[in-house]
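Biologist: I am new to this structure. Could you walk me through how to read it?
Modeller: Gladly. Let us take it feature by feature.

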Amino acid sequence: MKILSDFSKALETMSSEIEAVPAVFYAAAGGIAAVFIILYFLIFPKMKMEEQKKTVYQRYCINGLFLVYLAGILTVTLFTREVQNEARVQLILLNDLWEADHLGKAAVRDILNLALFIPAGFLVCWHSQGKWRAAKGTIAAFLISLGIESAQFLGKTGTFDVDDILFNMLGGAAGAFILLAFKHAFGGKSAARYCLRGVLVLSSASVFCIMGILGTYHFLRVSGAEAVKDNVSTVENRMVSRQDGTAEGEDNTMYSYDPDLIWYGGRAYRYNENLTTILIMGIDQRSEVIEKREGISGESGQADTIFLLVLNHEKEKMKIIGISRDTMTDIKTFDYKGNYLGESINHLGLAYAFGDGKEKSCQYMVDAVSNLFYGIPVNAYVALNMEAVIGINDAVGGVTVTVPEDLSKADKELKKGVTVTLMGRQALTFMKWRDTGIDYSNNLRMARQKLYIISFLKQALKAVKDDMALPLTLYQNLTDEMVTDITPDEAVYLSTQILSMSLDESGIMMLKGDSARGSVYDEVYVDDKALYELILNIFYTEVKTEGGQ
């Protein structure tokens, strides 16, 4: 899985460096390059002048293309980099290969370094005449690369890396030989030349396809990264400073020069803007697909399983917070005809029921969960029909668990202490079933769900390693069983981020609370202090202040 993680990091690094250059620069460079190409191939050949002059003018066009290329490569590799604390040098040839880590991030970097300098060798060889044209293209790539690496070292904007110089030089050599191959293939008529033409045309088409894919990825990643920052919750942030041990509503007056700081236990905290929070829900509608139900309020199913997935982009870590469906909290309530009655304390999972079974229900859940967490932003939601567990479970090859409690009433094979690989409806039983004759049975179910998630993630990582298209396949197959506001560009960005993040067992936690017997159903009352501290721990970062104040 490390290969996938490194690969995704390399793609993101590439996209980030491209993004650092203003789009107007690319537009201007592309426009100028197009002018030179049109002049070279369409204008000058048709002009009435001496052939020698035409050749001179065409060589000027090549010079112009080379200058545009040089300006572009210098902008990306030098002018958009941040100054570091110290200059760094890497002089061990193929260092990543010797460390057996060359197939991931380093491989993508080396391929990009090679591809980046193909135009250098191509253009220099195109401009040159006589012998040693390929050598000139290779030497030019070497000199440009050496200049860039030296400038990065002296300006402390990058690492002087001999591997970069090596692959840049190989890229220049490849560009020169590509030009010579084209000249040879189209310079005469023979079976061998025709075969070479076919190979070159197919290779060129493949390169343009790859460039198109990378370009599409870059566009989707950039737009997705921007779009996913939006807070879809309508609840205002209510986090305020507290003295250690106080509860909401008690005296929490603190002195602070910065209104954005939250003080607790003598320490200051600031909300971490580098997070993405996604509400994930398992919906029980007693149907195989999520249905939209309008006109009748309270009959749209319930959120049986509720999790918050928190992505920390700075630390490259994930956290999962499980929330009991029986949590008693303020939710929006409506009468049978859909008339709004105001907020009332009720089971959290019922917030979904008062909507339309789709987007409106999800919005009610987003607001209810955000409100429970003192108004923390929620950036996206995903609601899955519980029946979808079957397809997701089987898609990764089944999930192996040790049954923590006796579930033989629901499935004879699921006896306490037995290790079993869950397949088909057995996985749904393990995740969903509970003995309603036992008090607080949802707590036992949530403990099973945590166990399942840990095992599922391990198996899913293996499955994605074998089939990188698996997430996309699942996304397409779950269309009728899922409601989400995550758009394709956001999905591209988030999938790249998730692949590069880590999650261990300690990162999966359940919201603490006290269980009680209600008049009809079990009820869970959240431990307010534990919730407050959890919010600070996950959604805020501690900051240093002058004098500790």
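**Reading the strands, helices and loops**

Modeller: Start with one pair of residues. Ile321 stands opposite Met509 in S14. Keep in mind that this is a predicted model.

Biologist: Which strand is joined to S14, and by how many bridges?

Modeller: Strand S7, residues 317–323, is joined to S14 by three bridges. The two strands run parallel.

Biologist: What is the strand order in the open sheet?

Modeller: Read it as S13-S10-S5-S6-S7-S14. That makes six strands, with mixed pairing. On average, neighbouring strands are turned by 20° against each other, direction ignored.

Biologist: And where do side chains point in a strand?

Modeller: In a regular strand, they alternate between the two faces of the sheet.

Biologist: Which strands does helix H16 lie across?

Modeller: Helix H16, residues 528–539, lies across S5 (275–284), S6 (302–312), S7 and S14. Its direction is at about 160° to S7.

Biologist: Now a hairpin. In which sense do S8 and S9 pair?

Modeller: Antiparallel, over seven bridges. S9 covers residues 340–347. Thr329 has Asn346 in S9 as its bridge partner. Five residues lie between the strands of this hairpin, where Gly338 takes a positive phi near 95°.

Biologist: Why is S8 described as largely enclosed by the rest of the structure?

Modeller: Count its buried residues. Buried means under 20% relative accessible area. Five of the seven residues of S8 (328–334) are buried, so the strand is largely enclosed by the rest of the structure.

Biologist: Which residues have a positive phi although they are not glycine?

Modeller: Lys156 is one, with a phi of about 55°. Tyr374 is another, at about 60°. Lys156 sits in the loop between helix H7 (133–155) and strand S2 (159–161). Tyr374 sits in the loop between helix H10 (359–372) and strand S10 (380–385).

Biologist: Is Tyr374 buried or exposed?

Modeller: Tyr374 counts as buried, at 3% relative accessibility. Lys156 is partly exposed, with a relative accessible area of 34%.

Biologist: Last, the surface. Which residues form a nonpolar patch there?

Modeller: Ile37, Ile38, Phe41, Leu42, Ile43 and Met47 form the patch. Together they have about 520 Å² of accessible area. Of these, take Phe41: look for it in helix H2, residues 23–43.

Terms used
Residues are numbered from 1 along each chain as its sequence is written. This is a predicted model: local features need pLDDT of at least 70, side-chain atom pairs count only at pLDDT 80 or more; totals for chains, interfaces and linings use all residues. Side-chain values use heavy atoms; hydrogens and water are left out. Patches are made of residues with over 30% relative accessible area and no salt bridge: like charges are joined within 9 Å, nonpolar side chains (Val, Leu, Ile, Met, Phe, Trp, Tyr) within 5 Å. Accessible areas come from the Shrake-Rupley method with a 1.4 Å probe; for residues, only the protein chains shown count as cover. A salt bridge is a side-chain nitrogen of Lys or Arg within 4 Å of a carboxyl oxygen of Asp or Glu. Helices (H or I, at least four residues) and strands (E, at least two) are DSSP runs, numbered from the N terminus. Two strands pair if DSSP finds at least two bridges between them. Axes are lines fitted to C-alpha atoms, for helices over the stretch in contact, and angles run from 0 to 180 degrees between N-to-C directions. Contact means heavy atoms within 4.5 Å. Buried means under 20% relative accessible area, exposed over 50%, partly exposed in between (1.4 Å probe, protein chains only).
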